[in-house]
Amino acid sequence: MPIVRHESNKVYSKVVEANGVVTTAGIIPSDLGGDAKAQTIEVLREIDRLLALCGTDKSKVVSATIWLNDIRHREAMNEAWVAWVGGEANAPVRACVEAKLVDPRMIVEIQVTAVK
């Protein structure tokens with residue numbers, strides 16, 4: 001099967017499809033003025049858009065990695081995450097870690113893998 005790369009530049013592709021699997025890059029918010037919940041909501045909307053571009057959706061996400069600039073933002077991020085996931089039936093495996101992100105105003109970055 002071919003590998004299809006979407007929204008690519010010299011450094012990376014925003015999302016890649018291969019063999020029925022869709023993987024996003026680490027998705028970051030463009031509005032860095034919001035709190036953890038607002039930034040998470042923005043990132044998850046972008047993930048929805050990218051998954052739809054590839055013919056899948058959040059109900060088919062099997063894995064997620066979440067980076068927070070401060071682990072104390074976990075509760076606020078989880079409020080948005082739980083609403084987005086839509087229940088235990090759709091909950092993917094997940095890792096959530098604290099990391100130094102590219103911009104100090106950036107609170108969250110999320111990468112997901114889904115199936116078609």
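Ala64 sits in strand β4; helices (H or I, at least four residues) and strands (E, at least two) are DSSP runs, numbered from the N terminus. The model is a predicted one, in which local features need pLDDT of at least 70 and side-chain atom pairs count only at pLDDT 80 or more, while totals for chains, interfaces and linings use all residues. Residues are numbered from 1 along each chain as its sequence is written, and side-chain values use heavy atoms, with hydrogens and water left out.

Ala64 counts as buried because its relative accessibility is 2%. Here, buried means under 20% relative accessible area, exposed over 50%, and partly exposed in between (1.4 Å probe, protein chains only). Setting aside neighbours within four places in sequence, Ala64 is in contact with Trp81, Val93, Arg94, Ala95, Gln111 and Val112, contact meaning heavy atoms within 4.5 Å. Val11, on the other hand, is 53 residues from Ala64 along the chain, and the two C-alpha atoms are separated by 21 Å.

Now for the core. The largest nonpolar core has 22 residues, and Ile47, Ile66, Trp81 and Ile110 have the most contacts inside it. Such a core is a set of buried Ala, Val, Leu, Ile, Met, Phe, Trp, Tyr and Cys residues joined through side-chain atoms within 4.5 Å. At least two residues of this core come from each of α1 (36-53), β4 (61-68), α2 (74-85) and β6 (108-115). The largest share, five residues, is supplied by α1. As for Ile47, if neighbours within four places in sequence are left aside, its contacts are Ile27, Trp84, Ile110 and Val112.

Buried in α1 are Ala36, Gln39, Thr40, Val43, Leu44, Glu46, Ile47, Leu50 and Leu51. These residues lie on the same side of α1, because they cover an arc of only 160° around the axis, the arc being that of the directions from the helix axis to the C-beta atoms. Arg45 and Ala52, on the other side of α1, are exposed. The cover over the buried residues of α1 includes β1 (3-8), β2 (13-18), β3 (21-24), β4, α2 and β6.

One of those buried α1 residues is Gln39, whose relative accessible area is 0%. Beyond its neighbours within four places in sequence, Gln39 is in contact with Pro29, Asp31, Leu32, Gly34, Arg105, Met106, Ile107 and Val108. Just past α1, Gly55 takes a positive phi of about 80°.

β2 and β3 run antiparallel and are joined by four bridges, where two strands pair if DSSP finds at least two bridges between them. The two strands form a hairpin with two residues between them, and Asn19 in the turn has a positive phi of about 55°. Ala18 has Val21 in β3 as its bridge partner. β3 also runs antiparallel to β6, through three bridges, and Thr23 stands opposite Thr113 in β6. In a regular strand, side chains alternate between the two faces of the sheet. In β3, Val22 and Thr24 make up the covered face, and Val21 and Thr23 the uncovered one.
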